[in-house]
Amino acid sequence: MRFKTFTSPHMSPARSVNRVMRQVLYALVPGTVAIAWFFGWGVLVNVLLAVTVALAAETLMLMARRRPVKPFVTDLSAVVCGWLFALAVPPLTPWWITLIGVGFAIVVAKHLYGGLGYNPFNPAMVGYVAMVISFPREMTLWLPPETLAEMAFNLPQTLQVIFLGQLPAGLTWDMITGATPLDRIQTELAMDRSLSEIQASPFFGAVAGRGWEWVNLIFLLGGLWLIQRRVITWHAPVAMLGSLALISGLFWLINPEVYASPLFHLFSGAAILGAFFIATDPVSGSTTPMGRLVFGAGVGLLAYVIRAWGSYADGVAFAILLMNMMAPTIDHYTQPRVFGKTPARKEG
Amino acid sequence: MTATPHKLWRFNGGLKLPDHKAESTQETVFKPPLADCLTLPLRQHIGELAQPVVKAGDKVYKGQIIARCDTYVGAHIHAPTSGRVRGIEDHPVPHPSGLTAPCVVIEVDGDEDWGEHRMPPIEDLQNLDPARLRHRVREGGLVGMGGAAFPSAVKLNPRPQQTVDTVVVNGAECEPYITCDDMLMRTRADAVIQGLLLVKRALQPRQCLIGIEDNKPEALRAMTEALGGEENDNIRIVALPSRYPTGGERQLIRVLTGREVPSEGLPADVGVVCHNVGTLANIYRAVIRGEPLISRIVTVTGSGVQRPRNLRVPFGTPISHLVAHAGGYSDDVERLIMGGPMMGFALASDQVPIIKGTNCILAARSEEVDPPGPVMPCIRCGECVRVCPANLLPQQLYWFTRARDFDKAQDYSLFDCIECGCCAHVCPSNIPLVQFYRFAKNEIWSQEREKQEADAARLRHEMRQERLAREKREKAERMNRKKQALNDDSTADKPATAGGDPKKAAIQAALERAQAKKATQGADTTQTDQAKPPSDIGTQEKTR
């Protein structure tokens, strides 16, 4: 009897890219619901819009590059990219920003570099940063959590704002929008107010901003679930949050009136989301266990530096892109010791 | 569990795999009737090809040597039963290439007649001399039963500068589906222990550690019983956590002793010799019963056969014969594998024989083996790093191999890869990683071979050029000298001149010629030494 031959191993693998991405999406769902709870329908509209744009751009690029469409569209990596972008932008972001930002992420940051597995930078962060730099006004129009707002938009109103740019009668942008906690302390510190004065406002909630602290707590749970499911490793998140807590704690101890507490830094901005969902992006991050520690620590450090002394309120996206540049070098210098070999001598 | 508590160490990575061992352990080992014809490849071991010492038409007895291999790393091949040699023919052999190789083909007569060919049992065991044990093991054609088939006598002969203080016995059998060692320990634990005692007498180690994965409670029990009172004699049976590839030689030594075999070294470098349980049972058979290595237990399993079980069969039995005695194929059998599902290789046909290293025949249906989807790009998730027992960076090796950057792959320790398949098994992108590493290794070997050949050729050419130039020069000198001598003769016609001079010159010239000739010969011999192709035994051994 004749048989077809294949190479070993012969046990079929249990994982697939689709499964990895699907689990990332599952882990994003609770946090997404939480943001929507606090900041309104706009979050869900953005997610839907961004995912649609991502899938459309992915399909078009695959066709243009003459790659098989089905396996790559169904790997869900584009969905993850669009979804993360949508979580990073303000809830009432105009549709064209999502379109340009996600389009830029998929077309330029992902496919022009070779598509899945080949992009040196995290596409969602590239898209986000490009929009922050190009459209600073639109990208900082955050809303106060709904519990603080005078009026919450319903779905039709939200759609009208996002797609037509029309606010409901009698409202102006200044009336409805507010800054993020990080934005707000940056602005008010510049006005020579002390942190204890600034944070006395109900806007700042228990530790890190009303709404924000809950959202980040739920993202944290999602991230821990990903570690437990072995979708990501603990290295990058622990190193990133650890280094952020360490350096913010150091400055906070020196002068708590100017430098915010570690808890504020961990739970106010994009630190948690960045640590578990973006710094762990396998493609653009470091790939050795030791390298992931270095990578994460670098992101935490740079994010703090940008927050404390830079001109942008949050620095996680920039920090991740900067460390993406370093990843190949980090990998080179952090190779694990091979079994049966004495610690390797590295030449540059 | 009666096993003595023993400190265990860990190795990086590895996998918990569904072990699929229950399927083939429902029945005890079965000895099927002989096949009509046995096909014995001349190479069933690591090392040189054995040379046939029989010819077509010869009557052979059971246990008779039919092919000798007298190199240090090599093993004789014996007739597994009595019969008549049909011929020495090229026949498909169990090899991933599916190519043919020379084999001795025996038509079985069914008499199982040993003739005079049973080796005399060694009686005086108390004074068993290591050299005598080695000789017996060599004469018996014993090779490692774990799959690599490395000649056993070599492992019983540590180099003088190496002191072996630990004998590790490999009963881990970590690869899914395979149960031949399990069944051997269940049914012939006494033979394994007796074999170990023989090795112990020869090597005089401080301790003997028998490692058995804890998914084989019956084997553990049988071995502990067989060991009986020997426990305190520094022989320990250790239950190991089941984790593929604990049964890899280096991994097992690490788990049991905490020692790491150096990357370029052998277990003896850290004072350890490792033998498979099957090998020990064979040592016992060879010494006490005088039987050479002519048969083995083979697991025939997988959902592709109707009645998975273990069979004891003589070497040379065609796989189709084994499958027939395992209930035959299921209807939708898809793939036939020699060895286990992680490291075994797929066979193109079931008309190839069982050889010394065959531990398992796995017939799989498509749902067991088919990849779940197409190959995707590497997303550098690092799951392969997490499971690699050699602590490599498989994703980087893959990257370099794809880019054909073999130097870089070697910098990243490509040759420390043991091809266990863990990385490919967990790869979410379905990349056949191990195949890339095999490809890279083969490319590097062939490049090295080509380079050595080219170097040798260049050296030969340079030597020749030099020799030609020298000969030309010498010829010119000789001509000159002769001319001068003639001139001297013609000009100096005084007979009274010292007649010794020309004679002396002639003697001198002859001496020079002789010396020059010697020098040339010397150069020639060095040249042939260098041109000799390098033996690749060492590298082959490392890949297994």
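This is a predicted model: local features need pLDDT of at least 70, side-chain atom pairs count only at pLDDT 80 or more; totals for chains, interfaces and linings use all residues.

Analyst: Residues are numbered from 1 along each chain as its sequence is written, while chains are lettered from A and ligands numbered from 1 in the order in which they are written.

User: What makes β14(B) mostly covered?

Analyst: Six of its six residues, 333-338, are buried. Buried means 20 or more other C-beta atoms within 10 Å of a residue's own; exposed means 12 or fewer, and partly exposed lies in between, with C-beta atoms placed from the backbone.

User: Why is 333-338 of chain B called a strand?

Analyst: A strand is a DSSP run of E, at least two residues, numbered from the N terminus; a helix is a run of H or I, at least four. Chain B has 15 helices and 16 strands.

User: How do you know that β14(B) pairs with β16(B)?

Analyst: Pairing needs at least two DSSP bridges. Five join β14(B) to β16(B), residues 360-365, and the two run antiparallel. In β16(B), B:I361 is the bridge partner of B:M338.

User: Which strand forms a hairpin with β14(B)?

Analyst: β15(B) does, with six residues between them. Three bridges pair the two in the antiparallel sense. B:L336 stands opposite B:L347. In the turn, B:G339 has a positive phi of about 100°.

User: What share of chain B is buried?

Analyst: Of its 544 residues, 48% are buried.
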